[in-house]
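The following note comments on a single protein structure, point by point. Please read it alongside the sequence and coordinates displayed here.

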Amino acid sequence: TKQHLLNATVMLKNLLISLACPKQEERISNLEKYINSIQTEQIDSNTYLTDNIVPSLISSFFYGNTTTPPSNRIRVAWSLPLLHYNFNLALNLSLAIQHSVDGCVPTAVAPSIHFKETSIRCLPSAFEDTTQTSNQGGKVSYEITDYAPQVFRAIREHYKITDKMFLSSVGIENWLIRLIFGGEMNTFQQIGSHGKSGSIFYYSYDAQFMLKTVTEKESECLLRHLSDYYYYITRNNTLIVPYLGLLKVVCPRANTEMYVCIMKNLFTSKNKIDEIYDLKGSTDGRSTPLQDRKPGVPLKDLDFGDRIISIKLRDQLLSVIHSDTQFLASRMETMDYSFLLGIHNVGPNTEGTDGSNKMTIDGGYVSTNGEHIYYVGIIDYLVEFGKMKNLEVIVKGFTASRESISAMPPVQYGPRFHSFFSKIIS
């Protein structure tokens, strides 16, 4: 056991060197001290290893199997095994996030500098034979642009997400440590889109955060309005689910690029989410096909039917919805966003009630009869009403009424959105 731990630690040291991990010298120095403590028997190596590390490592590494209990929200996701075609992308995203966080220093956001700040890194691949070289002379697999890292760090800080917490979920160093010392490869968990956007989602192994691909126009929208966005969500009580980072990933070999945003997962409560709905206040095409109805997949407006959300804090919730929709319409100039609703059916194992029968400690709204807890947030709010959306309205207008179509100008979408929820929330 001692020899295995020593070999694993040396392997981790070599991996950190090959991946050019942030704060490399400091981390390697700490590992060398750790190796020395193992050799001199100053620590009990048996406490660091699982009994079945070899079979667990093989199962996790090649098949993506994991002993970590899945989150209620991501039961339709799967861990990326070594041979998955997106494994290398996930590895480099994790490394890029580690670089981004370690490269930021705690400081106040400077509007003249930080909102336009970008950082570009060329990352080598551990698994591909690439021909293009970086400025450092190494082979390039991905070129990753990190947008406004100081601003997004300030947003994370506002939501009490420390660098340590963030990296523990999505950084590469803890990923490697869990792999080597725990025999389990807790990589990102992937889920395909169940909407029309075609986005790909990656959840952190602990489901605290998610990475989602967005279009170039959506990323431009966020960056263009980043100043307004930052000041609004950090100074107001809001249901807007925050973006915690934005990256552009370019693969020179495949001549492809994608934009990836990092978000806080809305459903991190210990309470099981029994039902999930994606509501917009429209009806045209707003039903989840029967073949897609699996645990963790959101249902839509028509599936919700004529149900009522009955809570004691109705006026407070509607006031926040009104404020958010006004901001999205007037400042962000976006539409087609959704009200994500998670419903927990109260039972003997329900946690987090604060005794007021109004809200739970983790932010859920308690129903007036005490039988349900509602977790809510506004998502997908970077879509602008451009030419394609205008064409969509014209085409769908031949078979559906204007009010039933999701797409409409922001100044009309916001009021309809608020009006819908003022009817179903009592």
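1. A contact, as the term is used throughout, means heavy atoms within 4.5 Å. On that basis, among the contacts in the protein with a separation of 6 or more, 70% join residues 24 or more positions apart.

2. The structure is a predicted model, in which local features need pLDDT of at least 70 and side-chain atom pairs count only at pLDDT 80 or more, while totals for chains, interfaces and linings use all residues. Residues are numbered from 1 along each chain as its sequence is written, and side-chain values use heavy atoms, with hydrogens and water left out.

3. The pLDDT (the predictor's confidence in each residue, from 0 to 100) averages 79 over the protein, and 70% of the residues score at least 70. It is below 50 over residues 43-65, a stretch that has 46 contacts in the model beyond near neighbours in sequence. Residues 127-138 also have pLDDT below 50, with 23 such contacts. Where pLDDT is low, the predicted coordinates should not be read in detail.

4. There are 13 helices and 14 strands in the protein; these are DSSP runs numbered from the N terminus (helices H or I, at least four residues; strands E, at least two). Of the 426 residues, 52% are buried, where buried means under 20% relative accessible area, exposed over 50%, and partly exposed in between (1.4 Å probe, protein chains only).

5. One open, antiparallel sheet consists of 4 strands in the order β9-β11-β13-β12. Its edge strands, β9 (275-279) and β12 (365-366), each pair on one side only; pairing requires that DSSP find at least two bridges between two strands. Strands β11 (residues 338-345) and β13 (residues 372-379) are joined by 8 bridges in the antiparallel sense, and N345 stands opposite H372 in β13.

6. Helix α11 (residues 314-332) packs on this sheet, touching β11, β12 and β13, and its direction makes about 10° with that of β13. Helix α13 (residues 410-424) also packs on the sheet, touching β9, β11 and β13, at about 140° to the direction of β9. Axes are lines fitted to C-alpha atoms, for helices over the stretch in contact, with angles from 0 to 180 degrees between N-to-C directions.

7. R402 is located in the loop between α12 (387-396) and α13. Its relative accessibility is 43%, so R402 counts as partly exposed. Leaving aside neighbours within four places in sequence, R402 is in contact with V393, M408, P409, Q412 and R416.
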